[in-house]
Amino acid sequence: MVKFKEPSTKFMKVRCACKNEQIIFGKASSVVNCLVCGKPLATPTGGKAFTEARVLEVLD
Ligand SMILES: [Zn+2]
């Protein structure tokens, strides 16, 4: 499992708790919500982008 240490400028594939997979930008400047259940996948607060989501893949 990928450990997310610092904000990245890369795109990432994440999976929500509802199992929706979504591509998001690693360095979110605003809250990104899951398109299916509406949970936040990424937030700009504290430099830690991912809350509910699991990072599956980092895309270069
Ligand atoms: Zn979801």
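Which pattern does the protein follow when it is read along the sequence? In this predicted model, the protein follows the pattern β-β-β-β-β when read along the sequence, and it contains zero helices and five strands. Of the 60 residues of the protein, 13% count as buried.

- Three strands form an open sheet, in which the order is 2-1-5 and the pairing is antiparallel.
- The edges of this sheet are strand 2, which covers residues 21–25, and strand 5, which covers residues 54–59, and each of these edge strands pairs on one side only.
- From one strand of the sheet to the next, the twist averages 30°.

- Strand 1, made up of residues 11–15, runs antiparallel to strand 2, and five bridges join the two strands.
- One of the residues to look for here is Lys13, whose bridge partner in strand 2 is Ile23.
- Strand 1 and strand 2 form a hairpin with five residues between them, and in the turn Lys19 has a positive phi of about 80°.

**The nonpolar core**

- As a general background, nonpolar side chains in soluble globular proteins tend to be buried together.
- In this model the largest nonpolar core has seven residues, namely Met12, Val14, Cys16, Cys34, Leu41, Ala42 and Ala53.
- Strand 1 and strand 4 each supply at least two residues of this core.
- Leaving aside residues up to four places away in sequence, Ala53 touches Val14, Arg15, Cys16, Leu41 and Ala42.
- Across the protein, among the contacts with a separation of 6 or more, 33% are accounted for by residues 24 or more positions apart.

**Leu41 in strand 4**

- Leu41 is a member of the largest nonpolar core, and it lies in strand 4, which covers residues 40–42.
- Why does Leu41 count as buried? A residue is called buried if 20 or more other C-beta atoms lie within 10 Å of its own, and Leu41 counts as buried because it has 27 C-beta neighbours inside 10 Å.
- Leu41 and Gln22 are 19 residues apart along the chain, and in the model their C-alpha atoms are separated by 9.1 Å.

Definitions and conventions
Residues numbered from 1 in each chain as written. Predicted model: local features only at pLDDT ≥ 70, side-chain atom pairs only at ≥ 80, totals over all residues. Helix = DSSP H or I, 4+ residues; strand = E, 2+ residues; numbered from the N terminus. Buried ≥ 20, exposed ≤ 12 C-beta atoms within 10 Å, placed from the backbone. Pairing = 2+ DSSP bridges. Axes fitted to C-alpha atoms, helices over the stretch in contact; angles between N-to-C directions. Contact = placed C-beta atoms within 7 Å. Core = buried A, V, L, I, M, F, W, Y, C linked by C-beta atoms within 7 Å.
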